Amino acid sequence: MANNPLPAKVDLGASAAKGFSHPIWAARADRLQSASGVLLGLFIIMHLHFESSILLGKEAFYYVVQFLEGGIFSETGHGYPILTQVFSAFMLVVVMIHAVFALRRFPTQIGQWRALRQQLHFLPHEDTKIWFWQMVTGFLLFFLAPVHLFTMIMNPEIGPHLSAERVYHDNAWILYVFLLPAVVVHAIFGLYRVCVKWGLVQQRFALLKFAKVLVVYLMIIGIASLVTYIVIGRTLELPIIPFVPTL
């Protein structure tokens, strides 16, 4: 009697179901992608507001930095730059985790890109456009974000003068010109898509309008902060002396 090939087919199917293609693992990957995306999105919103404190003056930014670096727990009141290094390393790990799960949905074949272009042309739905720009900005951030985070890990010194030195004298403004719009668009519309995907809001179109307004607002304070660092950097002479508020 011939052997029944059915068990072999069952085993083969079970093996093919492993990985992110399996419904259970796909659902877990979606949750991890959303959770890491929410964490990064909220961090970007807070980070841009912390950075924009330079618009209130050097002293305001100085005290914000000291607070974030635990200056209240330091005898000298100057904080611990190592906290910036540790947090930057943690955020780098979160970025990599988010990128790994997001790459599952990234078109990797020419035919997939053609299908996407056709859909954008014949069905210009708002959410389809947002998803497209999520991919574009996500691709850019895969290269831009690690550069910024590695810089903060290797050189965690932050302050009105030290940050201005990094932006102007070290030409980091070139990186930030591309990083700022990419991270703002990706973060805010990413939070919007998470809310829609998991049914966290009922007023979808109102949320989209709010997201667009938030993108414009964050771009304004981000650009204003970047210009301020450049202006401060131009007034400084090398070697840079860290800013210390006068009593």
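View 1. Buried means under 20% relative accessible area, exposed means over 50%, and partly exposed lies in between (1.4 Å probe, protein chains only). This is a predicted model, in which local features need pLDDT of at least 70 and side-chain atom pairs count only at pLDDT 80 or more, while totals for chains, interfaces and linings use all residues. Residues are numbered from 1 along each chain as its sequence is written, and side-chain values use heavy atoms, with hydrogens and water left out. Aspartate 30 forms a salt bridge with lysine 197, and their closest N and O atoms are 3.5 Å apart. Aspartate 30 lies in helix H2 and lysine 197 in helix H8, so the pair ties together parts that are 167 residues apart in sequence.

View 1. Buried means under 20% relative accessible area, exposed over 50%, and partly exposed in between (1.4 Å probe, protein chains only). In this predicted model, local features need pLDDT of at least 70, side-chain atom pairs count only at pLDDT 80 or more, and totals for chains, interfaces and linings use all residues. Residues are numbered from 1 along each chain as its sequence is written, and side-chain values use heavy atoms, leaving out hydrogens and water. A salt bridge is a side-chain nitrogen of Lys or Arg within 4 Å of a carboxyl oxygen of Asp or Glu. Aspartate 30 sits in helix H2 and lysine 197 in helix H8, so the pair ties together parts that are 167 residues apart in sequence. Lysine 197 is partly exposed, at 44% relative accessibility. Helices (H or I, at least four residues) and strands (E, at least two) are DSSP runs, numbered from the N terminus.

**View 2. Glutamate 126 and lysine 212 form a salt bridge.** Their closest N and O atoms are 3.2 Å apart. Glutamate 126 belongs to helix H6 and lysine 212 to helix H9, so this pair ties together parts that are 86 residues apart in sequence. Glutamate 126 is partly exposed, with a relative accessible area of 36%. Lysine 212 is partly exposed at 37% relative accessibility. The whole structure holds two salt bridges.

View 3. Leaving aside neighbours within four places in sequence, serine 34 is in contact (heavy atoms within 4.5 Å) with Val194 and Trp198. Glycine 37 is also placed in helix H2. Glycine 37 and valine 95 are 58 residues apart in sequence, yet their C-alpha atoms are 8.4 Å apart.

**View 4. The largest nonpolar core has 38 residues.** Such a core is a set of buried Ala, Val, Leu, Ile, Met, Phe, Trp, Tyr and Cys residues joined through side-chain atoms within 4.5 Å. Leu48, Tyr176, Val184, Ile188 and Leu218 have the most contacts inside this core. H2, H3, helix H6 (126-154), helix H7 (160-169), helix H8 (173-197) and helix H9 (204-235) each give two or more residues. H8 supplies the largest share, twelve residues. Beyond its neighbours within four places in sequence, tyrosine 176 is in contact with His148, Arg166, Val167, Pro181 and Leu226. Another core, of seven residues, lies apart; Leu40, Met91, Leu92 and Ile153 are among them.

**View 5. A nonpolar patch on the surface includes Met46.** Other members include Leu42, Phe50, Phe67, Tyr80 and Val86. The patch has about 1100 Å² of accessible area together. Areas come from the Shrake-Rupley method with a 1.4 Å probe, and for residues only the protein chains shown count as cover. Patches use residues with over 30% relative accessible area and no salt bridge; like charges are joined within 9 Å and nonpolar side chains (Val, Leu, Ile, Met, Phe, Trp, Tyr) within 5 Å. Helix H2 (23-51), helix H3 (58-68) and helix H4 (82-102) each supply at least two residues of the patch. Methionine 46 is in helix H2 and is partly exposed, at 46% relative accessibility.

**View 6. Asparagine 171 and proline 239 show backbone features.** Most residues other than glycine have a negative phi, and most peptide bonds are trans. Asparagine 171 has a positive phi, near 60 degrees. This residue lies in the loop between H7 and H8 and is partly exposed, at 42% relative accessibility. The peptide bond from leucine 238 to proline 239 is cis, with omega near -5 degrees. Proline 239 belongs to the segment after H9.
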